[in-house]
Amino acid sequence: MTQDEIIAMAREAGCIENVGNFYAHHKNLERFAKLVAAHEREACAKIFDRPEWNEDVAAIIRARGQQ
């Protein structure tokens, strides 16, 4: 994950930016954590998103976000 992606997720979560620093209310911080987890799950799922896998590992990884 790049620094630009992290900053974009912090902004999307509603974190307040001030001179390169981010501040967050606990609800915004929780939203940020969920965005980061979803991003990482998708990155992991893409590794297994290939026809040579017998089980649909990518779908299993993505489903973890629905729990």
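**Exercise 1. Determine whether Arg62 is buried, partly exposed or exposed, and which residues surround it.**

Solution. Begin with accessibility: Arg62 has a relative accessible area of 30%, which places it in the partly exposed class, where buried means under 20%, exposed means over 50% and partly exposed lies in between (1.4 Å probe, protein chains only). The model is a predicted one, in which local features need pLDDT of at least 70 and side-chain atom pairs count only at pLDDT 80 or more, while totals for chains, interfaces and linings use all residues. Residues are numbered from 1 along each chain as its sequence is written, and side-chain values use heavy atoms, with hydrogens and water left out.

Next, list the surroundings: once neighbours within four places in sequence are set aside, Arg62 is in contact (heavy atoms within 4.5 Å) with Arg41, Glu42, Ala45, Lys46 and Asp49. Asn28, by comparison, lies 34 residues from Arg62 along the chain, and the C-alpha atoms of these two residues are separated by 23 Å.

**Exercise 2. Work out which residue meets Arg62 in a salt bridge, and which helices hold the two partners.**

Solution. The partner is Glu42, whose side chain meets that of Arg62 at 2.8 Å, N to O; a salt bridge here is a side-chain nitrogen of Lys or Arg within 4 Å of a carboxyl oxygen of Asp or Glu. The pair links distant parts of the chain, since Arg62 belongs to helix 3 (residues 57-63) and Glu42 to helix 2, 20 residues apart. Helices are DSSP runs of H or I with at least four residues, numbered from the N terminus. Glu42 is also partly exposed, at a relative accessible area of 29%.

**Exercise 3. The structure holds four salt bridges; explain why the one between Glu12 and Arg31 ties together separate parts of the chain.**

Solution. First take the distance: the closest N and O atoms of Glu12 and Arg31 are 3.4 Å apart. Then place the partners: Glu12 lies in helix 1 (residues 3-12) and Arg31 in helix 2 (residues 26-47), so the bridge ties together parts that are 19 residues apart in sequence. Arg31 is partly exposed, with a relative accessible area of 40%.

**Exercise 4. Describe where the salt bridge partners Glu30 and Lys34 lie, and how accessible each one is.**

Solution. The closest N and O atoms of Glu30 and Lys34 are 3.5 Å apart. Both residues lie in helix 2, four residues apart, which is about one turn of the helix. Finally, compare accessibility: Glu30 is partly exposed at 46%, whereas Lys34 is exposed, with a relative accessible area of 52%.

Key. Helix = DSSP H or I, 4+ residues; strand = E, 2+ residues; numbered from the N terminus.
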